[in-house]
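Morning, everyone. Please look at the screen, and keep the sequence in view while I talk.

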Amino acid sequence: MVENRDFIILLFLLSEFTMSYTIAAEVRTEIGKGSSRRLRHASKVPGVIYGPGKEAISIVFEHKDIINIQENQDFYTSELTIALEGKDVKVRVQDMQRHAFKPMIEHVDFKFA
């Protein structure tokens with residue numbers, strides 16, 4: 001019986017453990033369809049961070065930085081950190097657009113946490 005209790009405690013501790021994700025990003029100044037296409041061809045992902053009472057920030061980050069971590073379920077439910085111009089910005093994923101048949105992410109919307 002002691003072994004079962006230890007197993008339950010272990011499961012509880014693992015459920016409380018959440019991964020922390022950090023994505024390095026840059027502010028993007030060029031906005032529009034053509035600019036976004038050029039970024040995607042350069043293996044970058046355009047995105048935006050927005051929220052109530054704050055100005056929206058257009059960002060860009062490397063595709064390789066997000067393609068693997070977005071497969072984890074807690075990526076969508078936990079707070080992420082965006083390293084932006086020397087500051088850490090806490091965000092949550094609001095929306096993500098993917099390519100129709102390629103394993104590519106085309107755009108990500110983040111909300112200030």
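**A walk through one chain**

Of the contacts in the protein chain with a separation of 6 or more, 51% are between residues 24 or more positions apart. Keep in mind that this is a predicted model.

Now the layout. The protein chain has 3 helices and 6 strands. Starting at the N terminus, the order reads α-β-α-β-β-α-β-β-β. There are 113 residues, and 35% of them are buried. The accessible surface is about 7,800 Å². Carbon and sulfur atoms hold 55% of that surface.

Let's zoom in on helix α2. It covers residues 33–41. Which of its residues are buried? They are Ser 35, Ser 36 and Leu 39. Looking down the axis of α2, those buried residues sit within an arc of 100°, so they line one face of the helix. What do they pack against? The answer is β2, residues 44–51, and β3, residues 54–62.

Now turn to the other side of α2. Lys 33, Arg 38 and His 41 are exposed there. Take Arg 38. Why does it count as exposed? Its relative accessibility is 54%, and the cut-off for exposed is over 50%. After the helix comes Ser 43. Its phi is positive, near 60°.

Next, salt bridges. How many are there? The count is 3.

Arg 38 is back for one of them. Its partner is Glu 30, and the closest N and O atoms are 3.5 Å apart.

Another joins Glu 62 and Lys 44, at 2.8 Å from N to O. This pair links distant parts of the chain. Glu 62 is in strand β3, Lys 44 is in strand β2, and they are 18 residues apart. Remember those strands: the buried residues of α2 pack against β2 and β3. Are these two partners buried, exposed or partly exposed? Glu 62 is partly exposed, with a relative accessible area of 27%. Lys 44 is partly exposed too, at 24%.

Then there is Lys 64 with Asp 65. Their closest N and O atoms are 3.4 Å apart. Lys 64 is exposed, with a relative accessible area of 60%. Asp 65 counts as partly exposed, at 25%.

To recap α2: Ser 35, Ser 36 and Leu 39 are buried, while Lys 33, Arg 38 and His 41 are exposed on the other side.

Methods: Residues numbered from 1 in each chain as written. Predicted model: local features only at pLDDT ≥ 70, side-chain atom pairs only at ≥ 80, totals over all residues. Heavy atoms only, no water. Buried < 20%, exposed > 50% of the residue type's maximum accessible area, 1.4 Å probe, protein only. Helix = DSSP H or I, 4+ residues; strand = E, 2+ residues; numbered from the N terminus. Arc of directions from axis to C-beta. Contact = heavy atoms within 4.5 Å. Areas by Shrake-Rupley, 256 points an atom, 1.4 Å probe, with all protein chains shown as cover. Salt bridge = Lys/Arg side-chain N within 4 Å of Asp/Glu carboxyl O.
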